[in-house]
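Open the model in your viewer and keep the selection tool ready. We will go from stop to stop, picking residues as we go.

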Amino acid sequence: MSLPSRFYTSKVNVLNTSECSLPLTMRAVWVRFLQLLLAALMVAVGSASGHDSRPVYIELIQDTATRYSLMWRVPDSVQQETLPDINLEGDCQAHTVQSEGTLSPIRTKQAHQGRRVYRCESDVSPIAVLLDYPVSNPSLSTIVRVIGRDSAVRVIHARPDSNRIALSNSDSTGQIALEYISLGTRHIWSGFDHLLFVTCLVLMASGLKRGLMMVTGFTIGHSLTLILATLGLIRVPILPVEPVIALSLVFVAAELLREKKDTWTWRYPLLMASCFGLLHGLGFASAIAALGLPENEIFTALLAFNLGVELGQMTYVIAIMLLMGLYSLASGTLGAPQTMALSRVLAWPVGGLAAFWFMERLYLLVS
């Protein structure tokens, strides 16, 4: 006896539904797994990046013919029991010592600070600055700013493994340029909030042309405010800026989750990226202000630092694009739906971490 045709139709429908539901469930599990993994990695890296990665900053001022003031600032990433003992080498004798509070903090977090006053013979000047770490140098570079009686300023940059910094050193223009290019590159790679913002810009771009346009706008914006703020042509306190930088990251993360791409952010990507670039440039300016600029090579150091930032940023953008390409290949291999965008995987953890940064920085601002 033959069965009604609707039996076959019902059976086929049931089989089709069951065959589709399992892959869809596995895809949802896969996306959730990626979200949790990326969120955990971002929190871990974000916590690590919260420590002060700036170098040891030392300032030596010749007050009179025989009197020198030695001041220093050590990042708070260095534990109290591993702080270096900082002295001058030569026949100059230390007379007074002051600690904590001599210098104003270069960041919102408290840094370890101190000051010594030295008196020397009339025909003797300090030879070098000595850093004696009780355990070992925690891979921190050192910047020594020397100010003479005639107000002439020299800036000496020492490698992380340098425990003795000769004061007779005088960096050439080429050496200064290479050093500040390196400082700019290291700064952008350690600026996790800036890197995440660039990541969101790349994810918002639907193609290479749009991506280059957005990154270029961001570059123009932060280069402009970096130069203007460093030269003192604009003055904006950095403490209120830091929470707003975090909010900018929350904003672009929310835009990535938007279903309808009809806001001004999507219609005018160059304008959006340029405006936020102006904001992020103020953060870069605070970094270079803390590093110090050689008075006789201000423009060389400034342009070199900006070039280092751009080199680090473009290297990161290329790496992100390569990873996105690999992700697309892996998604096709695993049978993930073509409509699943990497932006939706990243938007929630990025936005959550940026919101945490905003609250943290706002607390530091009001306290």
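Select Leu362 to begin. Leu362 is partly exposed, with 31% relative accessible area; that class lies between buried (under 20%) and exposed (over 50%), using a 1.4 Å probe and protein chains only. Leu362 sits in helix H9. Helices (H or I, at least four residues) and strands (E, at least two) are DSSP runs, numbered from the N terminus.

Before moving on, note that this is a predicted model: local features need pLDDT of at least 70, side-chain atom pairs count only at pLDDT 80 or more, and totals for chains, interfaces and linings use all residues. Residues are numbered from 1 along each chain as its sequence is written, and side-chain values use heavy atoms, with hydrogens and water left out.

**The core**

Now select Tyr180 and Leu249. They have the most contacts inside the largest nonpolar core, which has 57 residues. Such a core is a set of buried Ala, Val, Leu, Ile, Met, Phe, Trp, Tyr and Cys residues joined through side-chain atoms within 4.5 Å. Highlight helix H3 (residues 192-204): it gives the largest share of this core, 10 residues. A second, separate core has 23 residues, including Cys92 and Val129.

**The strands**

Pick strand S6 (residues 128-132). Which strand does S6 join through 5 bridges? Strand S3 (residues 85-89), and the two run antiparallel. Strands pair if DSSP finds at least two bridges between them. Click Asn87 to find Leu130 of S6 opposite. S6 also joins strand S9 (residues 164-166) by 3 bridges, again antiparallel. There, Val129 stands opposite Ile165.

**A buried glutamine**

Go to Gln313 in helix H8 (residues 298-333). Buried or exposed, at 1% relative accessibility? Gln313 counts as buried. Leaving aside neighbours within four places in sequence, its contacts (heavy atoms within 4.5 Å) include Ile188, Phe218 and His222.

**Salt bridges**

Side chains of opposite charge can pair when their charged atoms come close. The structure holds 7 salt bridges, each a side-chain nitrogen of Lys or Arg within 4 Å of a carboxyl oxygen of Asp or Glu. Select Arg145 and Glu59: their closest N and O atoms are 3.3 Å apart. Arg145 is in strand S7 (residues 142-147) and Glu59 in strand S1 (residues 56-62), so the pair ties together parts 86 residues apart in sequence. Both Arg145 and Glu59 are buried.

Next, select Arg258 and Glu255, with closest N and O atoms 3.1 Å apart. Arg258 is partly exposed at 34%, while Glu255 is buried at 3%.
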